[in-house]
Amino acid sequence: MKETHVDNPFKKPFSTLQELADSVKEILDCPATIEDANHRLLAYSSHEDSTDSARIGTIMSQRVPEKVINRLWKERIIPKLMNTDAALRIPEIAEIGLRDRVAIAIRRNTEVLGYIWVLDKNERLSDSELVLLKDAAAAALPLLLKLHRQRKEKEENYQDFFWQLLTGQFKSSEDIQKKFSQLHLKMPARYAVLVFQFEEEISRKIEENISYLITTSQKITNHFMVVMRNELILIASPHPTQPDEKAFNDFISFFISEMHNRFTVDGIQGSSGTVYKDFEKAETSYQEALRVLQLKDHFPDDLAEATHYHQLGVFKYFDAIIEEKRSSHYEHPAIAALEEYDQHNKTNLLASLEIFIQQDSNVHEAAKKMFIHTNTMSYRLKRITEISQLNLKNIHEKMAVYLDLKIRQWEKQKRL
């Protein structure tokens, strides 16, 4: 049996988190790790050869592996930790290499600043030892608060640099490199600007949840993050194991899904600008990401799957096309003919044509979209050809009429 401690051996100042982690190991006879609120490793004690793979993975990468974090959320373990002052026993989860553990949140009032994890040996920690772990969490608080303040000061300096990049304030790449060096930041080989827009203004609590999700996801490498009213902006690099576009698309999908699943935040739209190597292009990538969101807002059906700037297709050139149309006052004769026919006969051939083109000229998909039979859709296309004289096998003719229809939609929305 382990000795039961009556006095509080943690009721003294510790100079570092490492000293505290070593003390937890010595007093409780269990390997200990101390993490920040985003599961980045801050300190860890020694352990025996029999330790589990989750602990080894955490020490090797200096952060808790993503698969471990995701499973702990799925099992509702992390939410329980975040909402209790007491130490929590965590049973073995063999699939992710997690042996029996005890964990406790390090908190300032209701705010969680970090966690202490200890790996149980053959003999479980006693109730009195669990109380000692709570004392250890209290001892960690001033050290984490100091670390928290230091990080905040760094973030303020980073944010000034962030906005200088996004607003094109630097005259040369040499100036940018110099600023990276001054801030002791490593310049990534390639990056993109990601933008997420929320339905409501982002509160401090939601911002903490955002930071947690970005830091723990390990799907991208985030370099800068800023929140502005209802907008989250990131400068990030793709994960080295994935192609650029896939890495960002996967992260955007993951972020929106997990903000809903973990924190019940809905209505988020996300986008990415082009991946660049030169940081003089940061402003361009930012404007591209904003453009994606703007066009998705106007054309939600056409651009439902678009998250990356190049996925906009011809919509990238929308402004230039609109300008050309306004200067020429051109009106596509096929649209006028079908519109007149629809008005006189109470049909919807023009809408059918738009959906047909939107569904890549797939009759079956267009019929499904309009909730009609395929034969009905085929008949409508025959009538469209007869009335408008459009050649529906000619991609250039179809694209021209499709763009004119989109411009009409754009202009109509602007008048509302």
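**Spans and a domain contact**

Author: The span of residues 349-407 is 78% helix and 0% strand, and its end C-alpha atoms lie 18 Å apart. Helices (H or I, at least four residues) and strands (E, at least two) are DSSP runs, numbered from the N terminus. UniProt lists this span, in an unreviewed entry, as "domain: PucR C-terminal helix-turn-helix". Its positions are given in the numbering used here, feature names are shortened, and annotations may be inferred rather than shown by experiment.

The model is predicted: local features need pLDDT of at least 70, side-chain atom pairs count only at pLDDT 80 or more, and totals for chains, interfaces and linings use all residues. Residues are numbered from 1 along each chain as its sequence is written, and side-chain values use heavy atoms, with hydrogens and water left out.

Now the contact itself. The domain assignment, with bounds from an automatic or database source, gives domain 1 (17-149), domain 2 (168-313) and domain 3 (318-414). The centres of domain 1 and domain 2, taken over C-alpha atoms, are 31 Å apart. In contact (heavy atoms within 4.5 Å) are 14 residues from domain 1 and 12 residues from domain 2.

Together, domain 1 and domain 2 bury about 1200 Å², 43% of it on carbon and sulfur atoms. Buried area is the accessible area (1.4 Å probe) that two parts lose on being put together, summed over both. Of the area that domain 1 buries against domain 2, 49% comes from Asn-38, Glu-66 and Trp-73, more than from any other three residues.

Two salt bridges are counted between domain 1 and domain 2. A salt bridge is a side-chain nitrogen of Lys or Arg within 4 Å of a carboxyl oxygen of Asp or Glu. Glu-111 and Arg-204 form a salt bridge, with their closest N and O atoms 3.7 Å apart. On the side of domain 1 that touches domain 2, helix α3 (residues 66-74) gives the most, with four residues.
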